[in-house]
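Work through the exercises below on aromatic rings, with the structure in view. Each task is followed by its solution in steps.

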Amino acid sequence: MSNFIALNSIATGRRWSVNVTGYTTALRKLVCCLFILFFSGAYAFSQHRLSAGEHFADVNGVKLHYYVSGKGPVCLAPSPGWGAHVDYMRSLTPFEKHFTMVYYDTRKSGLSTGPDDPTKYTDQDLVNDMDSLRVYLGQSKVWLTGHSGGGYQVLNYGSLHNNNVNGIIALDAMALYDSLQQAEMLKVIAEKRNGPEFEKAKAAFFGKDTVKRNMDEFLEVILPLYFTNPKVMHTLPKLKVSDKAYAYTDASKIFRSKNLLDDLHNIKVPVLVVVGDGDFICGVESEAKRIHARIPTSQLVIVKDAGHLPWIEQPKEFYKAFEEWAKEQKI
C-alpha cells in the first residue's frame with residue numbers, strides 16, 4: 001500500500017511538473033505576444049503622430065502645434081521662440097528630401113498654447129518642450145534645425161542632451177548677445193543698409209519712429225534690415241507674431257540670461273553652422289564664428305550676399321552647401 005501511495009505521489013508530482021512547465025511556457029508566450037503588441041501599437045501610434053500634416057502634442061501642460069512633412073529620420077525645427085510662428089521655416093522644403101521635418105510652434109507662438117505666466121518662458125522651458133516632443137514622437141534620437149532664436153534653442157538642447165541628438169543645423173543662430181554682437185550689428189547696418197528702402201526700417205528699429213505698432217506691424221516695418229536685397233523679402237511667407245509670447249519671453253530675458261558659448265563644447269555630433277555674410281542681427285564674427293570655434297565637430301558656411309535668411313536670399317548657394325554636408329552625413 002505504501003508503495004502504491006509513493007508511486008501515485010511520484011506520478012502526481014510528474015503530472016504537476018508537466019502542468020507547471022506547460023503553464024510557464026504558455027505564460028511566456030502570452031507575455032511575449034503582449035510585449036510585441038504593446039510596442040507594435042506604440043510604434044503605430046508614434047507613426048500616426050508623424051503622419052504628414054498638422055498635429056498637436058500635449059506636453060508639459062501645453063499643446064504644441066506642429067506640421068510633419070518629408071521622409072527620412074526625424075528632424076525637429078522649432079519656431080524662433082519669441083513669438084513668431086513657424087510657418088516661414090516650412091520654406092526649407094529641400095530639407096524634406098532628407099528628413100521627416102517636424103516644424104513646431106514654441107509655447108504661445110502660432111497655434112501653440114502656453115501659460116499666462118512670464119516665468120514659464122525661459123530657455124530651459126523651451127529645452128524641456130523640445131525633449132518632451134522628441135519623446136512624444138517616439139524618437140530616441142533626433143536631428144535638429146533651428147534659425148535665429150530657434151538656432152539658440154537647438155544649440156542649447158545639444159549642449160545639454162547630446163546623447164539624444166544625431167546632428168544639428170544652426171541657421172544664422174545666436175549664442176550670446178554682448179558688446180561684440182552689438183558692435184557688429186551697428187557696423188553692418190551702417191555699411192550695408194543704406195538707401196531709401198532701409199530708412200523707415202532703421203528709424204523704427206532705433207526708436208526714432210514714434211508710431212505705435214503691434215509686433216506684426218513692427219516686424220513688417222523693420223523686415224528690410226534682415227535682407228541685403230529688400231526686394232527678395234516679398235518671397236518670404238508673411239510673418240505673424242504673438243504679442244503675449246514676445247512680452248513673456250522678453251520678461252524672462254530669454255536668449256540673454258545664458259551664455260551658450262560656455263557649453264557648446266559638450267556637443268559631439270555633426271553641426272552645420274550657416275550664416276549670411278550680411279546678417280545684421282546674428283553676425284558672422286560675433287555669432288557664427290564663435291559658435292563654430294567652440295564645436296570641434298562643426299562646419300561653417302558663410303553665404304555671400306545674404307542677410308538673416310540665406311535660404312530665401314541665396315537659395316542656390318545655400319542648398320548646395322547643405323546638400324554637400326548632408327552627403328557627408330549620409331542622410
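Phe-318 counts as buried at 3% relative accessibility, where buried means under 20% relative accessible area, exposed over 50% and partly exposed in between (1.4 Å probe, protein chains only). The model is predicted: local features need pLDDT of at least 70, side-chain atom pairs count only at pLDDT 80 or more, and totals for chains, interfaces and linings use all residues. Residues are numbered from 1 along each chain as its sequence is written, and side-chain values use heavy atoms, with hydrogens and water left out.

**Exercise 1.** Classify the pair of Trp-311 and Phe-318.

Step 1. Rings of Phe, Tyr and Trp (its six-membered ring) pair if their centres lie within 6.5 Å; planes under 30 degrees apart count as stacked, over 60 as edge-to-face and the rest as tilted.
Step 2. The two centres are 6.2 Å apart and the planes meet at 50°, so the pair is tilted.
Step 3. Trp-311 is buried, at 3% relative accessibility.
Step 4. Both rings belong to one aromatic cluster, together with Tyr-88, Phe-95, Tyr-319 and Phe-322.

**Exercise 2.** State how many aromatic pairs the whole structure has, and describe the pair of Phe-205 and Phe-280.

Step 1. The search finds 14 aromatic pairs.
Step 2. Phe-205 and Phe-280 are edge-to-face, with 5.5 Å centre to centre and 75° between the planes.
Step 3. Phe-205 is partly exposed at 23% relative accessibility, whereas Phe-280 is buried at 1%.

**Exercise 3.** Find which ring lies under Arg-49.

Step 1. A charge sits over a ring if NZ of Lys or CZ of Arg is within 6 Å of the ring centre and within 35 degrees of the ring normal.
Step 2. Arg-49 lies over the face of Tyr-136, 3.7 Å from the ring centre.
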